[in-house]
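The sequence and the structure are shown first, and the description follows.

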Amino acid sequence: MAVRQYELVYILPPDTPEQQATELHEQIDAVVTRMHGQTERTENWGRKRLAYEIAHHKEGVYVLEVINGSGELMKELDRRLRVMDLVIRHLVVRVDEEKKVVDRTLTKRQSMSERRRVKHGLPPVRQPGEGRQGETDETEDDRFDGGEV
């Protein structure tokens, strides 16, 4: 059974008490631990305006949960969240595959850069202080300090 990383975002009604939101998180966490998963982090994004009205709500409380587990775990969470009246909407997205692509691209770029540097007779890794002469730091750039146009 492969352990994968998922992001679960769910929206609660704007008038949801903090205690109910905490109880819902505890229920989700209990299901995750029971099915041998792990909650990596939980972020309460707070009250935000919805893109469109859902069940007569124009705002909602957004919560993000990053969960490591199996597909069966996510199917169970999806099933449970679908029948809960407290949850307006939810979305589960698998994110580990995208991280693999990003890591692969980063290592490919680094190896190409190292080969290019060796080809030009330089050490494979950039040394401290190496770079263009006269290069200004972004904090020292005074071109946009509100001068007259």
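## Basis of the description

Two strands pair if DSSP finds at least two bridges between them. Helices (H or I, at least four residues) and strands (E, at least two) are DSSP runs, numbered from the N terminus.

This is a predicted model, in which local features need pLDDT of at least 70 and side-chain atom pairs count only at pLDDT 80 or more, whereas totals for chains, interfaces and linings use all residues. Residues are numbered from 1 along each chain as its sequence is written, and side-chain values use heavy atoms, with hydrogens and water left out.

## Overall organisation

The chain contains three helices and four strands. Read from the N terminus, these elements follow the order β-α-β-β-α-β-α.

Of the 149 residues in the chain, 27% are buried. Here buried means under 20% relative accessible area, exposed means over 50%, and partly exposed lies in between (1.4 Å probe, protein chains only). Contact means heavy atoms within 4.5 Å. Among the contacts in the chain with a separation of 6 or more, 68% are between residues 24 or more positions apart.

## The four-stranded sheet

The four strands form an open sheet in the order β2-β3-β1-β4, with antiparallel pairing. From one strand to the next, the twist averages 20°. Strands of a sheet pair through backbone hydrogen bonds, either parallel or antiparallel.

Strand β2 (residues 38-54) is joined to β3 by 11 bridges in the antiparallel sense; within this sheet, asparagine 44 stands opposite valine 63 in β3. Strand β1 (residues 4-12) runs antiparallel to β3 and is joined to it by nine bridges. In β3, leucine 12 has valine 61 as its bridge partner, isoleucine 11 has tyrosine 62, and glutamine 5 stands opposite asparagine 68. Six bridges connect β1 with β4, again in an antiparallel arrangement, and the partner of leucine 8 in β4 is valine 92.

## Burial of β1 and β3

Strand β3 (residues 57-69) has 10 of its 13 residues buried, so it is largely enclosed by the rest of the structure. Seven of the nine residues of β1 are buried, so this strand too is largely enclosed by the rest of the structure.

## Packing of α1 and α2

Two packed helices are described by the angle between their axes and the distance between the axes. Axes are lines fitted to C-alpha atoms, for helices over the stretch in contact, and angles run from 0 to 180 degrees between N-to-C directions. The axes of helix α1 (residues 18-34) and helix α2 (residues 71-83) come within 10 Å and cross at roughly 150°. The two helices are therefore roughly antiparallel to each other; angles under 35 degrees count as roughly parallel, over 145 as roughly antiparallel, 65 to 115 as roughly perpendicular and the rest as oblique.

On the side of α1, the contact is made by Ile28, Val31, Val32 and Arg34, and on the side of α2 by Leu73, Glu76, Leu77, Arg80 and Leu81. These residues divide into six nonpolar, no polar and three charged. In this division, Ala, Val, Leu, Ile, Met, Phe, Trp, Tyr, Cys and Pro count as nonpolar, Asp, Glu, Lys and Arg as charged, and the others, Gly among them, as polar.

## Residues in the loops

Valine 87 lies in the loop between α2 and β4, and at 8% relative accessibility this residue counts as buried. Not counting residues up to four places away in sequence, valine 87 touches Tyr10, Ile11, Leu12, Leu24 and Leu81.

Histidine 36, in the loop between α1 and β2, has a positive phi of about 60° although it is not a glycine. Histidine 36 is exposed, with a relative accessible area of 69%. In the hairpin of β2 and β3, which has two residues between the strands, alanine 55 takes a positive phi near 50°. At 57% relative accessibility, alanine 55 also counts as exposed.
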